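Subject: Handover of a structure and notes on its contents

Dear colleague,

My notes follow directly after it.

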Amino acid sequence: MTTKIAVLTGAGISTSAGIPDFRGPNGVWTKHPEQMNVYDIDSFLSDKESREYSWRWQKESPVWGAQPGVAHKALAKLEQAGLLTLLATQNFDALHEKAGNSADVIVNLHGSIGTSHCMKCGAAYDTADIMNDLDNNPDPHCRRKLPYKSNMPCNGIIKTDVVYFGQALPDGAMEKSMRMASSADEFWVIGSTLEVYPAASLVPVAVQAGVPVTIMNMGHTQYDSIASRLIHDPIQDALPKLVDETIAAAKKA
């Protein structure tokens, strides 16, 4: 029988690829708390200047131009081996998609910067297209033509699919993650401090279902005591090794 592995990733997997985290001791928001306003939904919707700043900040952020590291690629390898059933992530950098993981397993708990939507009509946009045109169009609005309005453009506000402060998580994201975590053979937490809810609650959900939990994080977490295995080695070294060992063991089984 194939081993089913569910995974939760946090900022640590992306810091291993060179993206600064937001909440750590040297995090973007720790050093510059005023920049949290970039992701404030009320400011974004009500103020043109805030929207323009938010778009510009996101384009110039290391998140936008980042590339997946060896740890991201290791999880793509785990999926290709048929062992990965869930890749829930607290990161919105879209690096799991770039690394080759599929929409079948990825759950973006905090949304994704890779795609955008009109807040009025729901039209979907590729964020790259918006970023490429940002110098000409610093406050992007929806260009979708509305047949019932004589083909006039919708003109609704466009926003990246990152979950801003004041917004709910994507529909069904936690429900699917809880279902897959509690029905897996193993649950791995990679690079999460497990301080942000509801994502952190996946650990006790898995433990309650009898699923052994591995926590791979440089620092300690509040759930270390209920984990079956703790790994404090650098993620870019430890995760590829763990994936290779797991694939090898599955082939022998």
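In these notes, buried means under 20% relative accessible area, exposed means over 50%, and partly exposed lies in between, with a 1.4 Å probe and protein chains only. The model is a predicted one, in which local features need pLDDT of at least 70 and side-chain atom pairs count only at pLDDT 80 or more, while totals for chains, interfaces and linings use all residues. Residues are numbered from 1 along each chain as its sequence is written, and side-chain values use heavy atoms, with hydrogens and water left out.

The cysteine site

An unreviewed UniProt entry lists Cys-118, Cys-121, Cys-142 and Cys-154 under "binding site". These residues are spread over 37 residues of sequence, yet they cluster in space, with a largest C-alpha distance of 8.8 Å. UniProt positions are given in the numbering used here, feature names are shortened, and annotations may be inferred rather than shown by experiment.

Cys-121 is placed in the loop between β4 (111-118) and β5 (124-126). Helices (H or I, at least four residues) and strands (E, at least two) are DSSP runs, numbered from the N terminus. Cys-121 counts as partly exposed because its relative accessibility is 26%. Cys-154, in the loop between β7 (152-153) and β8 (158-162), counts as buried because its relative accessibility is 6%.

Contact means heavy atoms within 4.5 Å. Leaving aside neighbours within four places in sequence, Cys-121 is in contact with Cys-142, Arg-144 and Cys-154.

The annotated active site

The "active site" annotation in the unreviewed UniProt entry covers His-110, which is found in the loop between β3 and β4. At 17% relative accessibility, His-110 counts as buried. Beyond its neighbours within four places in sequence, His-110 is in contact with Thr-89, Gln-90, Phe-92, Asp-161, Val-162, Val-163 and Val-196.

The second largest pocket

A pocket is found on a 1 Å grid over the protein atoms alone, as an open set of points where a 1.4 Å probe fits, with protein on both sides within 12 Å along at least five of seven lines; lining residues have an atom within 4 Å of a point. The second largest pocket is lined by 19 residues, and Gly-111, Ser-112, Asp-161, Val-163 and Pro-170 lie nearest its centre. At least two lining residues come from each of β3 (106-108), β4 and β8.

The nonpolar cores

A nonpolar core is a set of buried Ala, Val, Leu, Ile, Met, Phe, Trp, Tyr and Cys residues joined through side-chain atoms within 4.5 Å. The largest has 25 residues, of which Tyr-39, Trp-55 and Cys-142 touch the most other members. Two or more of its residues come from each of α3 (41-46), α4 (48-60), β4, α8 (127-132) and β8. Apart from this core lies another, of 23 residues, among them Val-107, Ala-184, Val-203 and Val-211.

Helices α6 and α1

In helix α6 (residues 70-80), the residues Ala-71, His-72, Ala-74, Leu-75, Ala-76, Leu-78 and Glu-79 are buried. Their cover includes β1 (5-9), α1, β2 (84-89), α7 (95-99), β9 (186-190) and α11 (235-252). After α6 comes Gly-82, with a positive phi near 80 degrees.

Ala-11 is in helix α1 (residues 11-15). Ala-11 and Ser-192 are 181 residues apart in sequence, but 6.1 Å apart in space, C-alpha to C-alpha.

With kind regards
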